[in-house]
Amino acid sequence: MSTATPSIAIIGAGLSGLACARTLTKAGLKYTLYEAADAVGGRVRSDVVDGFTLDRGFQVLLPSYPEARRVLDYDALKLRPFYRGADLFYKGQFHRLSDPFTHPRDALKHGRDPFVSWMDKWYTIVLRKEVLTTRKIERRIPEIETEDYLRDFGFSEEFIDRFFRAFFGGVFLEKDLRTSARMFLFLYSMFSTGGAALPAHGMQAIPDQMAVSLPPGSLRLNSPVASVSPGEIILSSGEIVHADHIIVAVSEEVAARLLPDLSGEKHLPARSTTCLYFTTDLPVPETPTIYLDGDGRGPVNSACVLSKIAPHYAPAGQHLISASIIGSPCSEELETVVRDQMARWFGESAYLWNHLRTYQIRHALPEARQLHLGDGPLNAVLVPGLYRCGDWCEDASINGALISGRRAAEAVIGAAA
Ligand SMILES: Cc1cc2nc3c(=O)[nH]c(=O)nc-3n(C[C@H](O)[C@H](O)[C@H](O)COP(=O)(O)OP(=O)(O)OC[C@H]3O[C@@H](n4cnc5c(N)ncnc54)[C@H](O)[C@@H]3O)c2cc1C
């Protein structure tokens with residue numbers, strides 16, 4: 001048994017790297033966390049621009065995520081819930097879908113809208129019951145595409161097209177619903193039990209909260225790693241660091257670059273998204289809900305008045321609106337086309353909104369792990385002393401990144417014992 005304190009290096013301070021660090025801290029192990037960017041968070045970052053909080057791409061926390069519940073202090077994050085349901089724009093008007101268990105009155109009021117057939121309403125409830133009462137249902141079904149699963153379950157083509165393609169297309173960042181039905185069922189149960197929420201001061205509050213407990217001196221920002229091999233990392237600055245245990249906690253794309261010989265996985269393209277932020281002091285819809293493109297005409301798949309969900313996202317008297325697109329279209333006309341669509345949805349005042357910023361996130365979600373969840377996570381140990389973690393090793397979500405980071409740390413703890 002080794003008695004010397006092992007030296008440990010973590011590369012990447014996204015959620016997986018932070019979760020890894022957290023587990024090592026709890027085990028009393030020392031480490032250094034090397035992060036290329038100027039702050040922690042990775043894909044969960046926010047900017048404050050003119051007093052508005054802009055998440056780098058529209059994103060939400062599902063409070064029911066089991067690992068997030070374990071790791072995060074929700075009270076301190078002051079989570080602000082979304083309305084449990086959605087407003088779908090179809091043939092010139094919005095149709096409200098309300099969760100009958102959270103908003104029974106609304107469900108009754110809007111339930112007569114023939115937009116959704118009674119059979120589809122019924123299947124929605126049956127599916128909810130199934131994901132809530134059958135433990136780990138997602139691991140027990142064959143790995144098929146979400147679209148096939150929904151069709152086999154009995155949902156009509158209309159409802160799949162109008163609701164599931166817009167809602168879960170926005171979650172998966174692909175509208176063909178090719179994503180594994182196992183991922184769909186996991187997320188469906190998370191939405192069913194806890195809905196969606198935003199931290200009061202933006203998504204960046206999540207990694208910031210995790211970073212608070214890092215031991216002093218353990219985090220090195222602005223320190224990109226250029227190469228990795230067992231026992232050694234070389235920073236872009238030329239600095240060479242020797243470490244007994246190296247954990248690569250970067251995105252799939254960067255891991256493929258840093259570990260070309262070792263990762264051994266087939267790397268498929270990532271999924272991308274674009275988010276345009278608008279501000280206004282004019283009246284906006286009141287309900288803190290998500291507005292969806294039920295027509296499927298796009299380009300905006302979903303829109304949200306973020307300041308109605310979390311008022312701190314905008315200065316007093318102002319509103320912040322996000323318009324999210326699946327993919328990263330490259331067009332000078334984009335803002336105009338988006339504005340036209342927003343005017344169809346919310347009225348002519350959308351032409352007066354101020355366009356604050358657009359974010360294009362090319363590598364938002366890893367593709368491969370979405371298509372095949374398999375029977376478990378990718379092995380955290382690549383070779384002795386070299387480990388990997390990240391959403392692409394578990395599942396493409398905040399929850400997946402957190403679990404994956406913890407698992408990599410547990411592998412280190414096991415090896416260092
Ligand atoms: C726009 C968008 C919307 C999303 N929406 C949701 C959502 O609603 N709900 C949900 O659950 N999930 C969502 N996700 C997914 C979720 O954010 C990710 O799955 C999760 O944050 C991935 O964390 P990670 O630690 O695996 O990777 P990353 O966040 O990519 O972290 C990797 C870290 O490594 C650093 N790094 C990279 N290269 C180097 C290097 N050479 N040297 C040192 N450091 C390096 C990076 O700067 C980064 O900090 C969304 C993602 C995006 C982009």
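Domains and ligand in a predicted model

Mentor: The protein chain divides into domain 1 (8–44 + 204–268 + 368–416), domain 2 (46–65 + 74–80 + 270–365) and domain 3 (99–196), with bounds from an automatic or database domain assignment. This is a predicted model, in which local features need pLDDT of at least 70 and side-chain atom pairs count only at pLDDT 80 or more, while totals for chains, interfaces and linings use all residues. Residues are numbered from 1 along each chain as its sequence is written, and side-chain values use heavy atoms, with hydrogens and water left out.

Trainee: What makes residues of domain 1 and domain 3 count as in contact?

Mentor: Contact means heavy atoms within 4.5 Å. Ten residues of domain 1 are in contact with nine residues of domain 3.

Trainee: What is the area buried between domain 1 and domain 3?

Mentor: Buried area is the accessible area (1.4 Å probe) that two parts lose on being put together, summed over both. For domain 1 and domain 3 the value is about 880 Å², and carbon and sulfur atoms give 49% of it. On the domain 1 side, Gln370, Leu371 and Leu373 lose the most area to domain 3, together 57% of what that side buries.

Trainee: How many salt bridges are there between domain 1 and domain 3?

Mentor: A salt bridge needs a side-chain nitrogen of Lys or Arg within 4 Å of a carboxyl oxygen of Asp or Glu. The count between domain 1 and domain 3 is zero.

Trainee: Which residues are closest to the ligand?

Mentor: Ser16, Glu35, Tyr65, Asp391 and Ile398 are the closest of the 36 residues that surround the ligand, each having a heavy atom within 4 Å of the molecule.
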